[in-house]
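Hi there,

Here is the structure I promised to pass on to you. Have a look at it first, and then read on for what turned up in it.

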Amino acid sequence: MARTDTDVLVVGGGIIGLAVAWRTAQRGLAVTVVDPHPGGGAAQVAAGMLAPVTELQYGEEPLLHLGMASNARYADFAAELTALTGVDTGYRRTGTLAVALDADDREELRELHAFHQRLGLDSHWLTGRECRKLEPMLAPGVRGGLHVKDDHQVDGRRLARALVAACERTGVRLLAAEAAELLVDGGRATGVRLADGGAVHAAQLVLAAGSRSHLLPGLPDGVLPAIRPVKGQVLRLRIPEMYAPFLSRNVRAVVRGQHIYLVPRADGELVIGATSEEQGYDTQVTAGGVYELLRDAHELVPGITELPLAETNAGLRPGSPDNAPLLGPTALPGLAAATGHYRNGVLLTPATGDLLADYLATGTVPDLAAAFSPDRFSKALA
């Protein structure tokens, strides 16, 4: 049975695992990533909004601070990736406009704006007319909205390609294989057995397998909470030149109680998302999901019915019990986690890469990660 030894083994090669691997290799450690399809995962479906302020929900202040710290790193992170690999990540400083379509939505947005103000966030209230001046394609009935100029976007697919290339250029070994079992010896994680019978042994492991992280055979009970898969269906439309620019920034709203967003890309793509369905590991695109997204998007921006529908996809968000990520060492020595990012995986990629790399290189958990310890749920029950 073939055996590989490395300083750090990352199980999971989505954008989170790749960012951890890249940043860790930059700190001089030998790193191996195990994943059947490095660069795949939820980022292939995600719209790529970088929206710590407009995504904020009540009671999520620690997550807000982490998201804003990650957002602040994004411009340099994206520029460094492009300089190293030549891959444009699609990072755009567009800002985000969250709008209300009826009086109830407007009142909810007003309350959110007041919450933003109490937290000192840069969020500005606009009338319906002011919203339509920024985005003329909006429906005439828009009642008002919030303009957040620092909530931006990146292309998840381009980001994944850039991270794969960055890992390759930094000496990370990308092993296209399936981790079949966690190896534990003397109460410590020591590596993984592969589905082909081989094995990879490491001084430190990082579990970054998204919504399947807790399902790795051999993982002792209680080390990770269940990471639930939350299905999101997403549409991709094309904006013909005759309709460009169509939208100039991210636009989002709540329609019939459901969140919807439209993310315009520089290359003429318009991403519409996303449903939120707790149906296990199902990733089928459904007629109902497509219909709901198009119906709600049409109420927000009626002109979308003129655009060609180019692609439909569904992916799985990894949700922890409190919808916040698991970052840092677990209760099992030798094993750290970087998972549970739920709807903020793309946003939190730069911060997660830095925080886990700092921990792996120094053995000290950075302050910014302290609130997201993987064992916080077991502590709460103690």
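Glu 135 sits in the loop between helix H4 (128-134) and strand E6 (144-148), while Arg 249 is in the loop between strand E12 (228-238) and strand E13 (250-255), 114 residues apart. Arg 249 is buried too, at 12% relative accessibility.

Before going further, a word on the source: this is a predicted model, in which local features need pLDDT of at least 70, side-chain atom pairs count only at pLDDT 80 or more, and totals for chains, interfaces and linings use all residues. Residues are numbered from 1 along each chain as its sequence is written, and side-chain values use heavy atoms, with hydrogens and water left out.

A second salt bridge joins Arg 343 and Glu 55 at 2.8 Å, N to O. This pair also links distant parts of the chain, 288 residues apart. Here Arg 343 is partly exposed at 22% relative accessible area, whereas Glu 55 is buried at 14%.

Arg 228 belongs to strand E12, and Glu 278 to the loop between strand E15 (269-273) and helix H6 (287-300). Arg 228 counts as partly exposed at 25%, and Glu 278 as exposed at 53%.

How many salt bridges are there in the whole structure? The search finds 22. Asp 155, Arg 158, Arg 236, Arg 265, Asp 267 and Glu 269 are linked in a network of them.

As for the overall build, the protein chain has 8 helices and 18 strands (DSSP runs numbered from the N terminus, with helices being H or I of at least four residues and strands E of at least two). Of its 382 residues, 58% count as buried. The C-alpha atoms fill a box of roughly 65 × 45 × 40 Å along the principal axes.

Enjoy exploring!

Best wishes

Definitions and conventions. Salt bridge = Lys/Arg side-chain N within 4 Å of Asp/Glu carboxyl O. Buried < 20%, exposed > 50% of the residue type's maximum accessible area, 1.4 Å probe, protein only.
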